[in-house]
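Look over the fold of this chain before reading on. The paragraphs below go through its strands, its helices and its nonpolar core in turn.

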Amino acid sequence: MGKGCISQGYWKGVPLHTLLQLAGIVGGTKEVVVEGDDYGERTDLDKVYSFARSLPIEKALHPDTLVAYEYNGQSIPFKHGYH
């Protein structure tokens, strides 16, 4: 795999909706915040922070939304989020 984005391929993972159901997601939830295990500095803060993004609940519960661990039969490399 070269440098750049991952585009078309075969993904393997766990549907996010399955994990959310097991975690006990409650009704009325509007979004899910996903926080990475990586971190970095910001130019507007004097500290290191975790990378996080929100995902609308409709997208989080969609059956195609995965917490992926493989791409094209190989573990996802660290630079693309695997730890």
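**Strands, helices and core**

Strands β2 and β3 form a hairpin, with six residues between them. In this predicted model, β2 covers residues 31-41 and β3 covers residues 48-56, and the two pair in the antiparallel sense over eight bridges. One point at which to find the pairing is Gly40, whose bridge partner in β3 is Tyr49.

Read from the N terminus, the elements follow the order β-α-β-β-α-β-β.

Three other strands make up an open sheet, in the order β1-β4-β5, with antiparallel pairing. Why is one side of β1 and of β5 left without a neighbour in the sheet? Both β1 (11-15) and β5 (74-75) stand at the edges and have a single partner strand each, so one side of each lacks a neighbour in the sheet. β1 pairs with β4, residues 66-71, over five bridges in the antiparallel sense. Within that pairing, Val14 has Val67 of β4 as its bridge partner. Helix α1, residues 16-23, packs on this sheet and touches both β1 and β4. The direction of α1 makes about 25° with that of β1.

Next comes the nonpolar core. In soluble globular proteins, nonpolar side chains tend to be buried together. Which residues form the largest nonpolar core here? There are five: Leu16, Leu20, Val32, Ile57 and Ala60. The elements that give two or more residues to this core are α1 and α2, the latter spanning 57-61. Apart from neighbours within four places in sequence, Leu20 is in contact with Ile25, Val32, Ala60 and Leu61. Two of these contacts, Val32 and Ala60, are themselves listed in the core.

Some totals describe the chain as a whole. Of its 83 residues, 11% count as buried, where buried means under 20% relative accessible area. The accessible surface of the chain comes to about 6,900 Å², and carbon and sulfur atoms account for 53% of that surface. Among contacts in the chain with a separation of 6 or more, 61% are between residues 24 or more positions apart.

Notes
Residues numbered from 1 in each chain as written. Predicted model: local features only at pLDDT ≥ 70, side-chain atom pairs only at ≥ 80, totals over all residues. Heavy atoms only, no water. Pairing = 2+ DSSP bridges. Helix = DSSP H or I, 4+ residues; strand = E, 2+ residues; numbered from the N terminus. Contact = heavy atoms within 4.5 Å. Axes fitted to C-alpha atoms, helices over the stretch in contact; angles between N-to-C directions. Buried < 20%, exposed > 50% of the residue type's maximum accessible area, 1.4 Å probe, protein only. Areas by Shrake-Rupley, 256 points an atom, 1.4 Å probe, with all protein chains shown as cover. Core = buried A, V, L, I, M, F, W, Y, C linked by side-chain atoms within 4.5 Å.
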